[in-house]
Amino acid sequence: MGAEPQAAAGNDFTARAPKALNDPTLRANFRRAMDGLMSKRAAQFADTPAWEALRARGAAAKARVLARLPELLVELEENCRANGIEVHWAESIPEANAIVLEILRAAGARTVIKGKSMVSEEMELNHHLAAHGIQAVESDLGEYIIQLAGEAPSHIVMPCIHKNKAEIAQLFAERIPGLGYTEDVDALTAAARAELRGRFAAADAGISGVNFAVAETGTLVLVENEGNGRLSTTLPPLHIALMGIEKLVETLEDLPPLLALLPRSATGQHITTYVNMITHPRRPGELDGPEKVHLVLLDSGRSRVFGDDQLRDTLRCIRCGACMNHCPVYSRVGGHTYKFVYPGPIGKILTPQLEGLDCAGDQPHASTLCNACVEVCPVKIPIADILVRLREESVRPGHSGAVKGGGARRSWLETLSWRGWMLIYSRPWMGRLAAWGMTRFGNLLPERLPLLKAWTSVRAKPRFAAKSLHELAREQGYCDE
Amino acid sequence: MSDARANILARLRAAPRTAPPERPDWTPPVFGEGRLERFRAMLGSVHGEVVETTLAAWPERLAALLAERGVRRVLYGPAAPVGAQLGRAWMADADAPTLVPYDRSIEEMKAELVHTVEAGVTSVRWGIAETGSLVLWPDAAEPRLMSLLPPLHVAVMAASGLHDSLAQLVAEQGWAGAMPTNALLISGPSKTADIEQTLAYGVHGPKELLVLVLTDQ
């Protein structure tokens, strides 16, 4: 890896990491949260055979979706339309933002209340709406807190996990009129409820994400604990649901196993407080619910991921966050170090594919390949294999085109070094000579040597033994053959 | 917009196909006689309270439970069987809480529902023992927000409506052919753990969930 290509490849994860690693408050906040989430999840899946059976069922449900994705999207669209839900397709983020803005404008909406949606984070929807005079208020408590703080989520399930009670108390004291400084969690929660109740009542529209869209029935399924998702999708006269094109299930029958996996993997709960299944807008005679429901299907790079039958497994993800909770890298550096919307192991494989290896090529390298994420993934995404594949794609000559920005991290020095390696080790006499040289002079190599530096900058330089294994074996009388 | 649809589908259809895997065997749990006990334990673990009563006695029992809590304004659905029974029973009782009928659209009743009612009483279509969940299919007589806006949600459930699992309900009750406008699973009161994983109840929805199980039904 030469210096210039690294910079061009967006290799600043390594540069950002020390800031988080040297922040004791942040480290403590994440450590406490991750330990709690891991032990709660472990308690839910204490019965290993039952977990394996459930997980196999969940993984198959999502694999079946990917096997029939185009047909299922059409089926979902037809069923939603028959139910009275209007369906929109967006190839890109600007297109999706334009669709949402157009729907809101047509309805004369000025204020929007939002349930939690990672797709809307991907779209930076709040900024887009604000630029066009529409105010979007986050209503999930964690999202509300980071909106007040002007920050981005640091975890896909618990967005303000990087903040502790004292930091939130300070923020609320400054931003919520009439509330003094209090670290009492019930008082902080009550203050947020009081602030947001009026916003719900006044909102012209509600925007939400979708956890599962059931193709068979045209049903949008949302899981949540707070009730803000239900309020956002029930109280305002207009509901806009945003989803990536992969978040489907074929049938209602596939829902129970996935609902048994998602909250247990995410937060160690056996079920969330609410599972909200929306199939129609308000029907004649009904007294509440939105008059209009719109569903926006966002591609934004997903169809390209789908084009490769190994990388495609990335799209099974149900966004539980278990991979990040168990990741030794994420739990030390936190979500913001990744810079992109999806942090942790799933982010490391999803982001480079959506954004391109040329601008997120550092992400697949922010991993020790320890496999913890793979062991806990409820839908068996082979995250480690995909990480390795993405590392290959980023240096592959005349890249396969499978991933946007492939080949971006290729450098002449690294290529030359591997060529040299190949040359030496395909000729026994050269190999022997090289081993002899390394054992005698290898320890004289300066640490700051290009290539070697990538290793020695954060680790001790390996020490060469005085004699190679082959030499030792020969001395002991083993035959070379 | 139609271009987006065509382009997305074209890219997906051009990708290599894989055969859909079979759905492996997975058996949701069965509780038999222990169903109600499981339901009570699971709902209790998420801060829900179960009170056993009977069809004839529940309105009076509820009046007493609400009096203990000092609840005076109760939202009900007069056109629903549960609401109609409550209306008849409490009309004769001068000390009973004030009943607020949900009989106009939310647009007309917003201020009252968002800010003043203290409890909402709904029926429950089915219960799920595995997760301690209530299944509600709100309709014109018992609208969606009844179980969400008031700080206390009272849910009236026939013991016979208790099933083992969601999987069993979806299959046996033929949900796929009959999905309502909104189907809900409710497991406990509204809660959050967004501040340092500390549980707090009633963040947006009810702070308290009270389930009246009619054991003779």
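User: What makes strand S9 (residues 274-278) of chain A and S9(B) a pair of strands?

Analyst: In this predicted model, five bridges join strand S9 of chain A, residues 274-278, to S9(B), and the two run antiparallel.

User: Why is the contact between Arg282(A) and Glu107(B) called a salt bridge?

Analyst: The closest N and O atoms of Arg282(A) and Glu107(B) are 2.9 Å apart. The cut-off between a side-chain nitrogen of Lys or Arg and a carboxyl oxygen of Asp or Glu is 4 Å, and the pair therefore qualifies as a salt bridge. The count between chain B and chain A is eight salt bridges.

User: Which elements of chain B give two or more residues to the side that touches chain A?

Analyst: Among them are helix H2 (35-45), helix H5 (106-116) and strand S9 (182-186) of chain B, while the largest share, nine residues, comes from H1(B). By residue class, that side of chain B divides into 42 nonpolar, 18 polar and 15 charged residues.

User: How much area is buried between chain B and chain A, and which residues of chain B lose the most?

Analyst: The buried area is about 7500 Å², with carbon and sulfur atoms giving 60% of it. In chain B, Arg23(B), Ile195(B) and His204(B) lose the most area to chain A, together 12% of what that side buries.

Methods: Residues numbered from 1 in each chain as written. Chains lettered and ligands numbered in written order. Predicted model: local features only at pLDDT ≥ 70, side-chain atom pairs only at ≥ 80, totals over all residues. Heavy atoms only, no water. Buried area = accessible area lost by both parts, 1.4 Å probe. Helix = DSSP H or I, 4+ residues; strand = E, 2+ residues; numbered from the N terminus. Nonpolar A, V, L, I, M, F, W, Y, C, P; charged D, E, K, R; others polar. Pairing = 2+ DSSP bridges.
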